[in-house]
Amino acid sequence: MEGRRQKNLVLILAREFASKLATATFVSDADGYLVFYNEPAEAILGQTFAQAGGMHAEEWAGQFQVEELDGSPLPLDKMPGGIALLERRPAHHTFRITGLDGVKREISVTAFPLLTRTDEFVGMVSIFWQAQQDGAS
Amino acid sequence: MQATIWGCRGSLAAPGPDTVRYGGNTSCVELRLADGTLLVLDAGTGILPLGLTLADYSGPINLLLTHLHLDHIEGLGFFMPIWSAEREVHVWGPRSPLESLETRIARYLSPPLFPIHLHDLPAELTFHDVPEEPWEIAGVRIAAGPVVHPGPTVGFRIEENGASFAYVPDHEPELGGDLAQLSPDWISGLGVASGVDLLFHDSQYFEAEYETRAGWGHSSVAAAVKFAGRAGVRRLVLFHHDPLHTDSELAELEARARELWNGEGTVPELAFEGMTIEVAGGVAVGD
């Protein structure tokens with residue numbers, strides 16, 4: 001007779017919080033596993049969350065073909081979400097992605113870590129805005 | 001193990017002619033383990049009459065606090081065992097990112113809110129942050145799981161001899177999403193309540209009342225029933241009655257709970273002062 005494993009409470013609330021926002025929001029757990037993005041994010045990422053499903057950080061960083069505005073590749077550890085995950089600090093950057101619908105979009109992203117204690121990291125939230133749409137690649 | 005309710009009112013003690021049937025004392029439950037060991041759940045005003053029955057109990061007392069809102073600790077200064085130098089009292093409560101449990105409780109148990117400072121109490125008091133993993137008291141397994149309620153708050157799960165009891169008196173799981181749609185691991189509180197033989201759970205509001213009180217940390221009767229259904233509990237006892245609800249209104253709330261119940265297990269019932277339930281594996285019986 002065992003209790004069931006429950007997601008961290010802050011992650012539960014972060015996901016529900018994101019679902020209520022009109023700002024595009026992306027939530028991952030402490031391992032970088034994507035647990036949710038909301039409807040405004042779906043419009044920018046080019047696919048519904050239900051279609052995309054959960055995925056690991058390397059996977060989501062690769063799926064969206066992230067690049068600097070000059071076209072050079074932007075690795076995960078330089079992306080705001082990657083910095084929030086790996087360095088556990090907030091970060092902001094403007095860069096370009098290619099959505100799962102094949103459309104390139106310039107987005108500004110602010111990411112911050114979810115720390116329930118100074119030594120307890122439970123996930124990351126990225127909020128983002130579309131700065132510019134470049135058209136289909 | 002046997003659970004006895006000494007207080008099941010929420011938010012504020014509510015004595016008077018309109019609250020005789022269910023009682024006006026705030027949260028306190030006595031849990032007696034098979035060997036007679038005493039666990040006390042919360043220290044609302046119900047802990048005062050409980051303390052008066054413990055003159056002959058000489059073992060260590062473990063007090064498990066779900067959180068530190070006043071209705072769950074306001075009786076602590078009037079719990080007779082803490083006024084005896086012979087008594088050993090262990091206080092368990094949710095950890096805070098900033099201050100120790102003792103420091104936070106001392107905010108209330110010290111002047112100007114209380115005449116005596118916490119460290120001047122004669123009993124041998126020890127404060128413990130609840131561990132993240134299950135632990136044992138007197139050989140019984142106890143788990144504390146964080147639940148949705150303002151500030152650090154946990155629910156408790158106690159298991160003994162194949163029987164399980166969960167105590168989640170203050171809880172607003174709906175704030176985490178639609179309980180009917182969420183997968184179980186995304187439902188606040190299921191970590192402690194899943195499959196228990198007996199659950200004491202918050203049901204402070206009628207559904208219409210909840211509409212204007214969302215975010216206050218409590219459940220509607222509908223949410224409580226839905227939560228218990230998702231958790232697969234055998235017996236649901238509705239707890240933390242609103243201080244403004246009279247006995248007749250609470251009877252209506254119980255009727256509403258039974259209307260919403262899916263028919264599996266024992267029908268939901270309202271907690272009342274003096275209610276005693278013997279919890280055994282697969283069954284919970286009592287008045």
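A polar contact is a pair of N or O atoms within 3.5 Å, and within protein one of the two must be able to donate a hydrogen and the other to accept it. The exercises below apply to a predicted model.

**Exercise 1.** Describe how chain A and chain B meet, beginning with the buried area and ending with the polar links.

*Solution.* Begin with the area: chain A and chain B bury about 1,900 Å² between them, and 56% of this lies on carbon and sulfur atoms. Next, take the residues, of which 17 come from chain A and 26 from chain B. Then turn to the links, where the rule finds six residue pairs in polar contact across the interface, both residues being at pLDDT 80 or more. The rule also finds two salt bridges across this interface, and the side chains of A:Arg117 and B:Glu132 meet in a salt bridge at 2.8 Å, N to O.

**Exercise 2.** Work out which elements of chain A give two or more residues to the side that touches chain B, and how that side divides by class.

*Solution.* The elements are helix 1 (9-20) and strand 4 (103-117) of chain A. Helix 1 of chain A gives the most, with six residues. By class, this side of chain A has eight charged, six nonpolar and three polar residues.

How values were computed:
Residues numbered from 1 in each chain as written. Chains lettered and ligands numbered in written order. Predicted model: local features only at pLDDT ≥ 70, side-chain atom pairs only at ≥ 80, totals over all residues. Heavy atoms only, no water. Contact = heavy atoms within 4.5 Å. Buried area = accessible area lost by both parts, 1.4 Å probe. Salt bridge = Lys/Arg side-chain N within 4 Å of Asp/Glu carboxyl O. Polar contact = N/O pair within 3.5 Å; in protein donor to acceptor, adjacent residues only side chain to side chain. Helix = DSSP H or I, 4+ residues; strand = E, 2+ residues; numbered from the N terminus. Nonpolar A, V, L, I, M, F, W, Y, C, P; charged D, E, K, R; others polar.
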